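The following paragraphs lead the reader through a structure, beginning with a single residue and ending with whole chains. Please keep the sequence and the 3D view at hand while reading.

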Amino acid sequence: MEKTTKIKHKRSKLTAYNNWGYVFVAPFVITFLIFSVYPVLRTLALSFTDLKIFKLNQSLHFIGFEQYVRVFESDNFRRALVNTVIVWGVNIITQLGLAFLLMMVFSDVKYRMKGLSVYRLIYYLPNLIAATSIALLFSNLLDKNYGTVNVMLKGWFPNYHLIDWLGTKWPARLSISFIQTWMWFGNSFLMLMAGVQGVSRDYLEAASIDGAGRWTIFGKITLPLIRPIMMYVAITSLIGGMQLFDMPYLMIADTSQTYKHVQTAMMYLYRYAFGQKTTQVAYASAVAYTLFLIILVVSVAQFLFFNRKED
Amino acid sequence: MEYKAKHTFGYNLTKFILYVLLTALAVLCLIPFLMMTVNATRTSFEIATGFTLIPGKALPDNWKTVFNYFNLFKGMWNSLKVALPATLLGAYFPALAAYALAFYKFKGNKTIFWVILIFMMIPGTLSLIGFYQLCAALKITNSYIPLTVPAIAASGTVFFLRQYIQASLSPALIEAARIDGASEIFSFHRIVIPIIFPAIATMSIMGFIGNWNSYMLPMIILSKPEKYTLPVMLVSLRSSTDITQNYGAIYLCIAISMIPIILVFITFSRYIISSVSQGAVKE
């Protein structure tokens, strides 16, 4: 009898302890519900209405999937999507390619390159600077008439015909892609390198003793082991890339001729969500959800691609 | 038994070329900053007609032009007023929640964890419009509340710290403290926080930099120039003809805007590099 009350007592005391869990998680949960969950659901609700300009205390008028139909039929949205894919695609290929090459150089068992800690600091530096500062810096360096790039090229090659880097279609797209690469390749390199350093030296030595050459070691051991990291880099880069905004938004004015060739999906969204005179809140909400669905589908596809069984 | 292998000429040549290429890439990373720094000391005419590595003499003039138009240090102060509270709130409360989720058994624990996991995959884009309307309804636009308080709900931090606590905190420690009569919150402050501090520190540095550099949200939330954070203020220079006609002044603005983050990088580079690397390995 005494024993059971003791256990009961102990149990109630444990529950009392565990109730602290509610207290500790409460500030997070309350803020999360207000500032994370509610806005996401609110945007979802708005995407089914006909709301154009937001005013306080106005009632919502639901019209079903009409805004989504508009999104799918919009040539401008499709073009913004194509722009995003081009700018992101060129960037991810060069960025991952460069990071991959660097990873190969620094992990090579034959050449044993030194100075990794210094090189990676320098390679990573551009990633920390605010995109606003980088965008303003390059829009000045790449200006057609007074930009330092053209000034230098003209100085070296007197016959050089000035390229309007940000004022013509492909140079503008590629400039933004390569600036993105410049900002992000150090980040990808660090991640790949962390993956390689996670590969146990024992594996490599064992393989080497068994007579495997460095290319065999690279292909059969290193590569498969860093595949999850490649996937992580590709997916996070995709999610970031689909939301590309600061850089093109600040580098190309909406009055510029190239605007329609570099307008990303996020710039398109911003234009309708917050742009002066172009605000259509409900439509912008539908754009946001469409964008999310696209990101989701592509992420899942990437996940399946990187996790596929090799036969 | 170590022996020095004799390397062929080809081996040494390849190695040399690799170093040259690596160094060239490093130069490519730094050269835009170098151009910026030199140009910040030159006049518009000098900038438009040629480039040298020798600094010019126009720094004081450029400085005057910049600070006649706006006070960049005010922007830095505003950025600090946003980034510091956001970082502290975004470290303390998520750590508390992570501890609750990792250590206490209560109803809804699993549910909260799954909701967090789902929300980590939702891009910020989705909440932007609803978030703005919420802030407008609460009449907190043009204040720093929308830029700081929501940091409490940093679900990524909760997720990461929960894993970290499960791996590094032994429940016996907390139970022993209970027997000694320690309160639960005391245990959190005196036992849990010291153990997970390395993780909190790395996340906080990256969080601070992210908040400091953030542009889109402050731009949407803040419309009064005296509230502008550094990135928003920097962009506003485009509406000043005084500055936009003086290329040296533009470069000077950009250069000044980068100084704080470069100082942070120099101070904390070790933590920053390890945090980027950890981010990959934890997956």
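With 9 C-beta neighbours inside 10 Å, A:Arg112 counts as exposed. In this scheme a residue is buried if 20 or more other C-beta atoms lie within 10 Å of its own, exposed if 12 or fewer, and partly exposed in between, with C-beta atoms placed from the backbone. A:Arg112 sits in the loop between α3 (75-107) and α4 (116-128) of chain A. Its phi is near 45 degrees, a positive value in a residue other than glycine. Most residues other than glycine have a negative phi.

The model is predicted: local features need pLDDT of at least 70 and side-chain atom pairs count only at pLDDT 80 or more, whereas totals for chains, interfaces and linings use all residues. Residues are numbered from 1 along each chain as its sequence is written, while chains are lettered from A and ligands numbered from 1 in the order in which they are written.

B:Lys139 is not a glycine, yet it has a positive phi of about 55 degrees. It lies in the loop between α6 (125-137) and α7 (145-148) of chain B, and it counts as exposed because it has 9 C-beta neighbours inside 10 Å.

We turn now to chain A as a whole. Its secondary structure comes to 13 helices and 0 strands; helices (H or I, at least four residues) and strands (E, at least two) are DSSP runs, numbered from the N terminus. The radius of gyration of chain A is 26 Å, well over the 19 Å that the globule rule gives for 311 residues, so the chain is more spread out than a compact globule. This radius is taken over C-alpha atoms, and the globule rule is 2.2 Å times the number of residues to the power 0.38. Of the 311 residues, 41% count as buried.

Helix α9 (residues 214-242) bends by about 45 degrees at A:Arg227, and the proline A:Pro228 follows within four residues. The bend is the angle between axes fitted to the seven residues ending at a residue and the seven starting there. Among the buried residues of α9(A) are A:Ile226, A:Ile229, A:Met230 and A:Val233. An α-helix has 3.6 residues a turn, so residues three or four places apart point the same way.

Chain B has 14 helices and 0 strands. Buried residues make up 40% of chain B. The chain is divided into domain 1 (7-70 + 246-264) and domain 2 (71-239), with bounds that come from an automatic or database domain assignment. The C-alpha centres of these two domains of chain B lie 35 Å apart.

How do the parts meet? In chain B, 11 residues of domain 1 are in contact with 9 residues of domain 2, contact meaning that the C-beta atoms, placed from the backbone, lie within 7 Å. The largest share of the domain 1 side, 7 residues, comes from α14(B). Between the chains, 73 residues of chain B are in contact with 76 residues of chain A. Helix α14 (residues 247-281) of chain B gives the most to the chain B side, with 15 residues. That side divides into 54 nonpolar, 15 polar and 4 charged residues; Ala, Val, Leu, Ile, Met, Phe, Trp, Tyr, Cys and Pro count as nonpolar, Asp, Glu, Lys and Arg as charged, and the others, Gly among them, as polar.

Key. Two residues are in contact if their C-beta atoms, placed from the backbone, lie within 7 Å.
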